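Here is a short report on helix packing and sheet layout. Keep the model open as you read.

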Amino acid sequence: MKDKISKIKEEAMEEIKDLNNMEDLEELRIKFLGKKGELTKVLRGMGKLSNKERPVIGQMANEVRQDIEKEINNTKESLKKEIQKKKLEKERIDISIPGKNIVLGHRHPLVKTIEELENIFMNMGFSVVYGPEVETVENNFDELNSPENHPSRDLTDTFYITEDILLRTHTSPVQIRVMKENKPPLRIVSAGRTFRFDDVDDTHSPMFHQLEGLVVDENVTMANLKETIDTFIKELFGEDMHTRFRPHYFPFTEPSAEVDVSCFNCKGKGCEECNGTGWSMELLGCGMVNPKVLQNCGIDPDKYSGFAFGLGIDRIAMVKYGIDNIRLLFENDMRFLEQF
Ligand SMILES: [Zn+2]
């Protein structure tokens, strides 16, 4: 019997060596130590042993059982470690591989221009405000004193969403919003997208950008307007630039003017680009806020006066960056944008 037990131990130890997974290990445990296992089978024959032999064999069997269990557990542990190691190996990150290059972009020339304009006006004491691109007909036309038959109200000129809602045709409705919601003194600029039913060519696009300015306070005069525009143009384009105000008509200002600035090419001497006049035409529109507009917004025109101005940002960006086609600003062609 002793031999049998020793043989069981030998066999078990030998088999364990060759195992490399948990399932086989468990199978082996059942085979040798289970209720129907080899060792149990042998022990069943203990009844036939003498009283002297029984405790000796019993002890031996116990020791063998413990030895086998210990070996199984040890193997289990090292198998676990093996599996863990393999898993780590599989999930290893090679930190020596070069990282993926993240391409850092930069601001669009239009955004840069907007930021530059806003900065100039902030330095002059203006606040920057924003308004929605989808506007009411009331804010976009009615409150701005735009006559019922004004051509820009026409379906062929404006993108209507419903009869009363449209894509704003200028940034001027922001003035209305500011005046309705705030009491003077007011000093704001607002830049953003505007929309008109324009065919696309080198200088026109159905989407374009405007910057609007508004000042309302006591004793605001045309002199303040001229000084503000003049200072702005010099800040933007240089000290040697001059402005010229030509009378014009806008429904929301009275009197109104269009502003020309010195030719960007010849700085006023006269060249081919400016047809010898020395001026770049119609850079911005401006005027004293029409008293009717103040009244529409609940501001007393006897106590307060104001001026407003609007300019096309796209044109300024084109002048500043030497871009000759407005389409380039909106096509998102990387070859173009990377130049700025
Ligand atoms: Zn010129």
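## Helices α1 and α4

Helix α1 (residues 2–18) packs on α4 at about 0°, and their axes are 10 Å apart. That makes α1 roughly parallel to α4 (angles under 35 degrees count as roughly parallel, over 145 as roughly antiparallel). Axes are lines fitted to C-alpha atoms, for helices over the stretch in contact, and angles run from 0 to 180 degrees between N-to-C directions. Helices are DSSP runs of H or I with at least four residues, strands are E runs of at least two, and both are numbered from the N terminus.

By class, this contact of α1 with α4 has eleven nonpolar, one polar and four charged residues. Ala, Val, Leu, Ile, Met, Phe, Trp, Tyr, Cys and Pro count as nonpolar; Asp, Glu, Lys and Arg as charged; the others, Gly among them, as polar.

## Basis of the model

This is a predicted model: local features need pLDDT of at least 70, side-chain atom pairs count only at pLDDT 80 or more, and totals for chains, interfaces and linings use all residues. Residues are numbered from 1 along each chain as its sequence is written.

## Helices α2 and α4

The axes of α2 (residues 22–33) and α4 (residues 53–90) come within 11 Å and cross at roughly 175°. The two helices are therefore roughly antiparallel.

## The sheet

Seven strands form an open, mixed sheet, ordered β1-β4-β5-β9-β8-β7-β6. Strands pair if DSSP finds at least two bridges between them. β1 (127–128) and β6 (243–250) stand at the edges with a single partner strand each, so one side of each lacks a neighbour in the sheet.

Note on methods: Parallel < 35°, antiparallel > 145°, perpendicular 65-115°, else oblique.
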